[in-house]
Amino acid sequence: MLKYIQFTILFLGTFHAVLCQNAEVFKLKDKLATHSQSDSFKVDLLNNIGFHYWVYQPDSSEVYGTEALHIASDINYVKGAAYANRIIGVAHWARGNFEGGLKHLFESLQHYRLLADSIGAANATMNIGLIYSDQNDIEKALNNYFEAYETFEQLNKQDRMINTANHIGKAYFRSDRYDEALHYYQLAFTLSEEIAYAYGSGTALHNLGVLYKQQNKLDSARTRCLASIKYQEKVPDREGLAFNYETLGDIYFERGKYAQAKLYFEKGIEKARLVSSKKILSDIYAKLKATYVETGDYKTALKYQEAYGVLRDSMINIAKMREMLWLENKHEIASKNQELTIKEQKISLLKKEKQLKNIWLNVFAIGFVLVSVLGFFIHRLQKAKHEKDKQIFLNEQDLVKAKMENNKLKQEELKKELSFKDKELTSYTLNFIQKNELMEELKEKILGIKKVAPKEITRQLNALYKLVEHNFHNNRDWEDFKLHFEQVHKDFFTHLKEYCPEITQNELKLCALLRLNMNLKEAAAILGVAPESVKTARYRLRKKLGLEREDNLIDFVLRIDKEYLKSKVVN
């Protein structure tokens, strides 16, 4: 059953990716197939194809962008290299490789500035802001956003101003500066309406809905999200619709209207599958599980929990593989560093030899002075020998310095190359594995379906779902975590329950993650919910623990011990 769910997700993602290759892409590929010369025209073709694959198929986008960059570099086509670097940078960002994304985007920015291409530089700057925002470096993100917005405003690029305003609002939202976020969301909506930009209007309205939901203004949140859907369906913006349906599901869940919540969560799953978003799917699966638990339908809740577990395990395995490859390359770098250490020791020995030579030269000079009275010819011969030795020594010294500088430069290049190869190898390996797994499963499933009569499909699917139920062990993860956590933080849960007897199991989990000093995104990933839901849970926990506005929740959890709690109870 687990393999069937994985197959279904991957199959739908692949099917959507094929549909995304519209007539324009096929037209570009036909031109590329008939154009054999490596010139600027071919670079532009490759870049345009990479752009069409941009976020939906970042792996394909990077392949075309990389080929374009190689050719552009060989023929010194700076404009093509600038665009290729931007395409590769965004592809890295879409896969979560922030370091690789920043590297290529900064190179793209340098190229555009060299060309005095203001719009290209502003686009690259905004993309850099996106990566800083995802890294929670809000100040750097805002600096880049405002710089890009100012350029777009000067060039009267209103659609780019709208997208940037939405990103600025999100950055403020992430840092809990809701008034500023509201201002820029409303600005984005106003500008979008002026030029009938449906994508911008839909995005701004959904962002407003999320903001109002976070402030517990559920009626306003629902109104904005429903209005947003009308715009997103016009574009169509499938990823935006997936997020929108998820938000509406959250709103109805908060109100206890579970039937409507299920309806919107299911719609969100449908759209998320079309854009192959594992992150959105895993979030909605977890929320549907919670919804069915609330309605007492544990069988269906189990189905969604298992589907969530499959996606979670897949993402965890990818992260572990990246870490393994990083450790292997780290060991290789350590070996190279050891070789450099040996070379440095040799250089040190050469310096000592030089010092000894200087001493002997001084002795020789003194001796030369003492014996100079022996004759003019002897003096001339000794002087000539001295000058020759000195020139040889200086030549050797210059050679040693040149070798030292060359080794230093090679070491720096080696480190950069290893870092890049590490990320590139990780991405390639993962893509290769996923592609092979998909192909194998596609062959197996297609053969299996061909052998089964259509009427039998439903019965077999039910059997597979029962198999998933039989093999479900989700609670074991929490129990194992709890066992290891209490070995390190003894009596942590006991103290919390003594201080607040009405605290729930989910709130105990949240406290444990706060005790480990995890940030909002990390906690959301582990709990299987959206970051906004974690914020809401933290707000409710503060109220339940009786904390004042000036009290810091994380500081409170970090200071938890028996004596501290007793002193709080007494006071």
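In this predicted model, helices H13 and H14 cross each other in a left-handed way. Two packed helices are described by the angle between their axes and by the distance between those axes. For H13, which covers residues 238-254, and H14, which covers residues 258-274, the angle is about 160° and the axes lie 7 Å apart. Angles over 145 degrees count as roughly antiparallel, and therefore H13 and H14 are roughly antiparallel to each other.

Which residues of H13 and H14 meet? On the H13 side you will find Arg 238, Leu 241, Ala 242, Tyr 245, Glu 246, Leu 248, Gly 249, Asp 250, Tyr 252 and Phe 253. On the H14 side they meet Tyr 258, Gln 260, Ala 261, Tyr 264, Phe 265, Lys 267, Gly 268, Lys 271, Ala 272 and Leu 274.

Now let's step back to the whole protein chain. How many helices and strands does the chain have? Its secondary structure comes to 25 helices and zero strands. The chain has 571 residues, and 39% of them count as buried.

Is His 92 buried or exposed? Its relative accessibility is 3%, and buried means under 20%, so His 92 counts as buried. Leaving aside residues up to four places away in sequence, His 92 touches Glu 62, Asn 97, Gly 100, Gly 101 and His 104.

The other stop is Asn 136, placed in the loop between helix H7 (118-134) and helix H8 (138-154). With a relative accessible area of 39%, Asn 136 is partly exposed, because that value falls between the 20% and 50% limits. What does Asn 136 touch, if residues up to four places away in sequence are not counted? The answer is Arg 174 and Lys 521. Asn 136 and Arg 174 are 38 residues apart in sequence, while in space they are 7.9 Å apart, C-alpha to C-alpha.

Definitions and conventions
Residues numbered from 1 in each chain as written. Predicted model: local features only at pLDDT ≥ 70, side-chain atom pairs only at ≥ 80, totals over all residues. Heavy atoms only, no water. Axes fitted to C-alpha atoms, helices over the stretch in contact; angles between N-to-C directions. Helix = DSSP H or I, 4+ residues; strand = E, 2+ residues; numbered from the N terminus. Parallel < 35°, antiparallel > 145°, perpendicular 65-115°, else oblique. Left-handed = near helix turned anticlockwise from the far one by under 90°. Contact = heavy atoms within 4.5 Å. Buried < 20%, exposed > 50% of the residue type's maximum accessible area, 1.4 Å probe, protein only.
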